[in-house]
Amino acid sequence: MDHVFQVQGMTCGHCEKAVQQAIRQVDPQAQVQIDRPQGRVAVHSQADADALKAAIREEGYAVA
């Protein structure tokens, strides 16, 4: 399944890495593409969208 999230608060490469790691804790096989200037996180994963959002939020980022 493909999911696209708007994530607020990503300001640097460390932020991107934190978001990727959070997603991969839910699904280690997830494919993640981040467009930091647009705040866009595209995820190809079998995991539930709500679980992925929760993992990102736990890292301290707002998810729309």
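Strands are taken here as DSSP runs of at least two residues in state E, numbered from the N terminus. On this basis, valine 7 of the predicted model is assigned to strand β1. Valine 7 is buried, its relative accessible area being 4%. With its neighbours within four places in sequence left aside, valine 7 is in contact with Gly39, Val41, Ile56, Tyr61, Ala62 and Val63.

The C-alpha trace spans about 25 × 20 × 20 Å along its principal axes. Buried residues account for 39% of the 64 residues of the protein chain. Of the contacts between residues at least 6 apart in sequence, 62% join residues at least 24 apart.

The four strands are arranged as an open sheet in the order β2-β3-β1-β4, with antiparallel pairing. Strands β2 (31-35) and β4 form the edges, each pairing on one side only. The antiparallel pairing of β1 with β3 extends over five bridges, and valine 4 stands opposite alanine 42 in β3. Helix α1 packs on the sheet, where it touches β2 and β3, and the direction of α1 makes about 155 degrees with that of β2. Helix α2 also packs on the sheet, touching β1, β3 and β4. The direction of α2 makes about 25 degrees with that of β1.

Within helix α1 lies glutamate 16. This residue has a relative accessibility of 18% and counts as buried, because the cut-off for burial is under 20%. Apart from its neighbours within four places in sequence, glutamate 16 is in contact with Ile34 and Arg36.

Helix α2 comprises residues 49-58, of which Leu52, Ala55 and Ile56 are buried. Viewed down the axis of α2, these buried residues fall within an arc of 100 degrees and therefore line one face of the helix. In general, an α-helix has 3.6 residues a turn, so residues three or four places apart point the same way. Asp50 and Glu58, on the other side of α2, are exposed. The packing partners of the buried residues of α2 are β1 (2-8), α1 (13-26), β3 (40-44) and β4 (62-63). Ile56, one of the buried residues of α2, is also among the contacts of valine 7.

Local features were also identified at the two ends of α2. At its start, a side-chain oxygen of aspartate 48 reaches to within 3.1 Å of the backbone nitrogen of aspartate 50. Just after α2, glycine 60 adopts a positive phi of about 100 degrees.

Definitions and conventions
Residues numbered from 1 in each chain as written. Predicted model: local features only at pLDDT ≥ 70, side-chain atom pairs only at ≥ 80, totals over all residues. Heavy atoms only, no water. Buried < 20%, exposed > 50% of the residue type's maximum accessible area, 1.4 Å probe, protein only. Arc of directions from axis to C-beta. Contact = heavy atoms within 4.5 Å. Polar contact = N/O pair within 3.5 Å; in protein donor to acceptor, adjacent residues only side chain to side chain. Pairing = 2+ DSSP bridges. Axes fitted to C-alpha atoms, helices over the stretch in contact; angles between N-to-C directions.
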